[in-house]
Structure formats: structure tokens, C-alpha cells
Amino acid sequence: MAWLKLNTFHWHLTDDEAWRIEIDAFPELTDLGAWRGEGELQPSQFGSGPKRYGGFFTKQQIKEVVEYAKAREIAVIPEIDIPGHARALIMALPHLLREADDKSEYVSIQQYQDNVLNPGLPGTYQVLETILDEVCELFPSQVIHLGGDEVPKHVWEKSPACIAKAKAMGLDDVRLLEGHLISHLEQYLAQKGRKIAVWEEASHGNKITSNATVCAWSNGAEGQKAAGSGYPVIMCPAQATYLDMAWNKDVNETGVLWAGAIDLKTAYEFDPGSIDNSEQVIGTQALVWTEFVKDKATLEYLLYPRLFAVAEVAWTASENKSWQSFLPRVAAQLEYLDMRNINYRRMSS
């Protein structure tokens with residue numbers, strides 16, 4: 001990252017399938033929530049096999065990463081993804097996070113029916129505040145990412161706790177409690193001198209203040225919408241910056257294709273500032289979601305040479321970019337990758 005002047009590491013530490021950060025107040029999160037396989041809290045997924053699979057970052061390891069990054073002028077932004085993508089969290093702490101009488105029926109885009117935190121339960125606020133206390137102790141970053149993405153329809157509709165809380169707050173829809181939860185946590189973190197970042201969905205419906213940074217991931221229009229609403233925006237549409245996408249649609253090519261293929265030229269031609277209110281765009285980022293990334297060699301293959309394009313997109317004014325001048329500079333960098341034995345994707349096709 002330092003080599004390419006990438007100055008922020010967004011560390012996605014929690015998701016449905018695992019909890020990856022040590023929290024002293026809740027050892028169940030890593031004792032139980034960080035593992036999957038036969039006999040574990042979560043079943044095997046993503047080809048991990050029947051044996052015990054998983055792990056987590058200890059606080060000492062996280063401190064080492066933060067210090068290592070700081071020495072290279074890289075800020076580390078942790079992400080604790082809520083209220084969706086919280087299956088491992090909920091399964092590890094059911095006594096605090098599950099309402100027995102909640103009969104709501106929903107299905108997330110990943111086909112989970114039990115992965116959304118309940119904003120009607122006091123335990124939800126207790127758990128999240130306690131976790132964020134420890135996260136803030138570990139990470140000096142001014143920004144804490146709270147996720148806020150992919151909360152499915154029909155959550156909380158048959159939750160007595162949510163129905164009662166919405167009524168008490170004068171809300172005519174339990175779904176508005178999502179905004180209440182995120183707003184509560186934004187205020188909680190503000191008392192610690194921190195700001196939040198969120199995925200684009202959390203910017204819908206006045207859930208956050210204009211101090212929050214919005215990561216626009218699904219398409220450029222979402223970035224336009226967030227910028228027009230006055231939010232600082234990180235433009236990272238999946239069609240150009242999700243480097244877990246395959247290079248092309250060849251059946252033998254590594255990567256996924258739900259957002260389309262991204263070859264080097266596609267990554268290079270992305271212009272994060274090509275929207276109205278472009279002054280609200282504070283940057284872009286490269287994302288690699290690693291459900292199907294089995295080893296370091298696969299990660300390197302997905303990153304290089306496309307990460308060179310992302311770096312130039314981030315740091316070069318659009319009028320100064322040139323595909324024809326970029327290519328020979330990439331060729332020069334490939335020699336360095338060879339020297340470091342980095343498994344980059346060859347550019348012949």
C-alpha cells in the first residue's frame with residue numbers, strides 16, 4: 001500500500017460467517033463465532049470443508065498492524081458491520097441479541113434468515129457500545145465503519161420488542177428503527193471524538209448526519225445521490241473497483257462475476273469524480289471480498305496488476321490520465337512483482 005501511496009486500510013472484521021476481532025468483554029465472539037465446521041456454531045461454508053476452520057485477530061496482532069501501518073502513514077479503519085451481516089455475532093450472544101417472540105420472516109441476499117440485529121432489544125445497544133469501546137481503544141482512526149448494508153425487507157415486522165419501541169418513539173414503521181440504531185451509535189462514537197463511515201444503504205432515509213462518510217458500492221448513481229445529499233463520498237462501484245471480480249468471463253478465470261468483469265482497462269478508465277457535486281468525492285478504494293480467496297497467491301492474482309490502475313485513478317486528475325502512457329509503466333512494475341515472487345495476472349488476454 002505504501003509503495004502505491006494507498007493511505008487507508010479499510011479492515012472488514014465481522015460478517016455473517018465469522019467474527020474476526022478479539023473482544024475481551026465477550027469472549028464468546030471468538031471462542032464460538034470465529035469458527036465453522038462440523039460440530040461448530042456455524043456450518044462449513046465456501047468450501048472450507050468439514051474440519052474446524054477459522055480464526056481471529058488478537059488485540060496484540062491488531063496493535064501490531066496499526067503500528068506497522070502508522071509507520072508507513074497508512075490509517076486503519078475498522079469495520080463492525082451492523083445491523084445486517086451480523087449472524088456470527090447473534091449466534092455467539094443469543095441471550096443478549098435474540099428475541100424469542102420475534103416471528104419476523106425475512107431472507108437476506110446471501111439467503112440467511114437470522115442475520116439482522118434487533119434494535120428493539122436493550123442487549124443490542126449494550127453489546128454494540130461495549131464492542132465499540134474496545135474497538136476505539138485499539139484503533140486511533142478518526143473514522144469507524146459501521147456497515148449498514150444489505151438489511152433485507154420484512155425484518156422486525158413481527159418483533160414485539162420492535163413494535164413496542166417504534167410505538168413509543170412515534171415511528172409508523174419498525175424499519176425506521178434501523179436509522180435510530182445507526183444514529184444512536186453515531187452519537188455514541190461522536191462523544192469519543194470519532195466519525196462514522198457506512199455503506200450507501202445507510203445514507204437512505206436520514207439515518208446519519210452529514211459528518212458520516214458514505215461508501216458508494218453498487219453503482220455510480222448511488223454515489224451521485226449521496227454527494228447530492230451533502231455526504232463525503234468514497235466512490236467504489238463494484239463494476240470498477242471490486243477486485244474480487246474476474247478479469248473476464250472465461251470459465252477458467254479466477255474471480256466472481258455478479259458485478260461484471262473488470263480487466264485492467266476497465267479499472268483504469270473509472271473516474272470517481274465524474275458526477276455532479278464531485279467536490280464531495282473524497283476518494284476511491286479497491287475492495288477484495290475473500291469468501292472464495294483460498295490463499296495468498298489467489299489474492300495476489302486478483303490484486304495485480306489492477307491495483308496499479310486503482311492507485312492511478314485515486315491520485316491522478318482525469319485530464320492527466322493516459323492509457324497509452326500507463327501501460328509501459330505497468331510493464332516496468334511487473335519486473336518488480338517478478339522480483340518479489342508476487343503472483344500477478346498476466347496481461348496477454
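Two residues are in contact when they have heavy atoms within 4.5 Å of each other. In this predicted model, residues 24 or more positions apart account for 66% of the contacts in the chain with a separation of 6 or more.

The chain contains 13 helices and 11 strands. Its radius of gyration is 21 Å, close to the 20 Å that the globule rule gives for 349 residues, so the chain is as compact as a globular protein of that length. Along the principal axes, the C-alpha trace spans about 65 × 50 × 40 Å.

Burial and surface may be described together. Of the 349 residues, 50% count as buried. The accessible surface of the chain comes to about 16700 Å², and carbon and sulfur atoms contribute 50% of that area.

| Item | Value |
|---|---|
| Positive side chains | 32 |
| Negative side chains | 48 |
| Distance between the centres of the two sets | 3 Å |

Attention now turns to one helix. Helix α12, formed by residues 306-315, is mostly covered, with 8 of its 10 residues buried. Which residues of α12 are buried? They are Arg-306, Leu-307, Phe-308, Ala-309, Val-310, Ala-311, Glu-312 and Val-313. Against which elements do the buried residues of α12 pack? Their partners are the helices α10 (264-269), α11 (296-303) and α13 (323-339), together with the strand β11 (281-284).

Conventions: Residues are numbered from 1 along each chain as its sequence is written. This is a predicted model: local features need pLDDT of at least 70, side-chain atom pairs count only at pLDDT 80 or more; totals for chains, interfaces and linings use all residues. Side-chain values use heavy atoms; hydrogens and water are left out. Helices (H or I, at least four residues) and strands (E, at least two) are DSSP runs, numbered from the N terminus. The radius of gyration is taken over C-alpha atoms; the globule rule is 2.2 Å times the number of residues to the power 0.38. Buried means under 20% relative accessible area, exposed over 50%, partly exposed in between (1.4 Å probe, protein chains only). Accessible areas come from the Shrake-Rupley method with a 1.4 Å probe; for residues, only the protein chains shown count as cover. Lys and Arg count as positive and Asp and Glu as negative; His and the chain ends are not counted. The place of a charge is taken as NZ of Lys, CZ of Arg, CG of Asp or CD of Glu.
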